[in-house]
Amino acid sequence: MSKKRIRDIRNEELIDAAIQAIAEHGYAQVTMTDIAKEAGSTAASINYYFGSKDQLIQAVMQRVLRTLKAANLRHLKTAQTPYDRLMAGLDANFDETLFTSATCSIWLQFWSNAPYHEGLARLQRVNRMRVTSHFRAELRYLLPENRLATVQQALQNYMDGVWLEAAMNPGPVDAKAARMEARRVADLLLKGG
């Protein structure tokens with residue numbers, strides 16, 4: 001096995017450990033020692049692979065965003081119409097690979113810290129622009145121009161609210177029910193006056 005492959009595997013193991021440690025201790029309180037303990041490693045090892053806690057935290061969010069992108073691509077594969085593509089975007093945000101208790105908790109913690117951390121702020125801006133662009137691209141075929149921005153913002157706020165609610169109420173989440181409800185909300189918004 002190549003040295004690069006071993007490094008990639010170890011990076012993924014450390015990211016997994018960071019997700020678990022952050023879910024357990026919280027973003028602000030988690031230490032390199034907590035993450036290392038979860039990984040069966042040392043804080044020095046994390047520094048070797050990532051350079052700092054901040055860089056590891058950014059790697060965690062990059063993984064979450066890659067998971068969202070992969071879910072989006074999977075859901076878009078069968079989408080034929082603007083309506084189908086809009087629903088695929090909603091479905092991706094509540095995909096079982098992404099919409100979990102741990103991910104909801106981490107998402108909330110990271111985005112609440114984004115205004116104070118340039119790397120996280122950049123990731124948040126990129127993600128927000130990507131979602132906005134996707135929704136607007138499809139909504140322009142489904143709505144008059146004067147309703148497009150309002151519906152797009154309402155859909156994004158709804159998704160954020162569901163994630164916030166899931167993060168604030170620890171326990172299992174139901175991704176399938178979340179997708180069905182998001183679709184109902186979108187249908188109501190599309191039919192609105």
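Here are some numbered notes on this predicted model, from the overall layout down to single residues.

1. **Ground rules.** Because the model is predicted, local features need pLDDT of at least 70 and side-chain atom pairs count only at pLDDT 80 or more, while totals for chains, interfaces and linings use all residues. Numbering starts from 1 along each chain as its sequence is written, and side-chain values use heavy atoms, with hydrogens and water left out.

2. **Overall layout.** The protein has 9 helices and 0 strands, where helices (H or I, at least four residues) and strands (E, at least two) are DSSP runs numbered from the N terminus. Along the principal axes, the C-alpha atoms fill a box of roughly 60 × 35 × 30 Å. Of the contacts (heavy atoms within 4.5 Å) between residues at least 6 apart in sequence, 70% join residues at least 24 apart.

3. **Burial and the core.** Of the 193 residues, 44% are buried; buried means under 20% relative accessible area, exposed over 50%, and partly exposed in between, with a 1.4 Å probe and protein chains only. The largest nonpolar core has 57 residues, and M61, F99, F110 and L139 touch the most other members. A core here is a set of buried Ala, Val, Leu, Ile, Met, Phe, Trp, Tyr and Cys residues joined through side-chain atoms within 4.5 Å. Helix α4 (residues 53-76) supplies the largest share of this core, 9 residues. As for L139, its contacts beyond four places in sequence are L86, L148, V151, Q152, L155 and L190.

4. **Helix α6 by itself.** With 13 residues, α6 reaches 19 Å from first C-alpha to last, close to the 18 Å expected at 1.5 Å a residue (the expected span is 1.5 Å times one less than the number of residues). Its buried residues are T103, C104, S105, I106, W107, Q109, F110 and W111.

5. **How do α6 and α8 pack?** Helix α6 (residues 101-113) meets helix α8 (residues 145-168) at an angle of about 110°, with the axes 8 Å apart. That makes the pair roughly perpendicular: the label covers 65 to 115 degrees, with under 35 roughly parallel, over 145 roughly antiparallel and the rest oblique. Axes are lines fitted to C-alpha atoms, for helices over the stretch in contact, and angles run from 0 to 180 degrees between N-to-C directions. On the α6 side the contact uses T103, C104, S105, W107 and L108, and on the α8 side W163, L164, A166, A167 and M168. By class that is 8 nonpolar, 2 polar and no charged residues, counting Ala, Val, Leu, Ile, Met, Phe, Trp, Tyr, Cys and Pro as nonpolar, Asp, Glu, Lys and Arg as charged, and the others, Gly among them, as polar.

6. **A166, buried or exposed?** A166 sits in helix α8 and is buried, at a relative accessible area of 10%. Past four places in sequence, A166 touches F99, C104 and V173. A166 and A102 are 64 residues apart in sequence and 9.5 Å apart in space, C-alpha to C-alpha.

7. **Two more residues to look at.** N127 belongs to helix α7 (residues 118-139) and counts as buried at 9% relative accessibility. Setting aside neighbours within four places in sequence, N127 contacts L65, L68 and W107. T33, in helix α2 (residues 32-39), counts as exposed at 54%. T33 and D187 are 154 residues apart in sequence and 47 Å apart in space, C-alpha to C-alpha.
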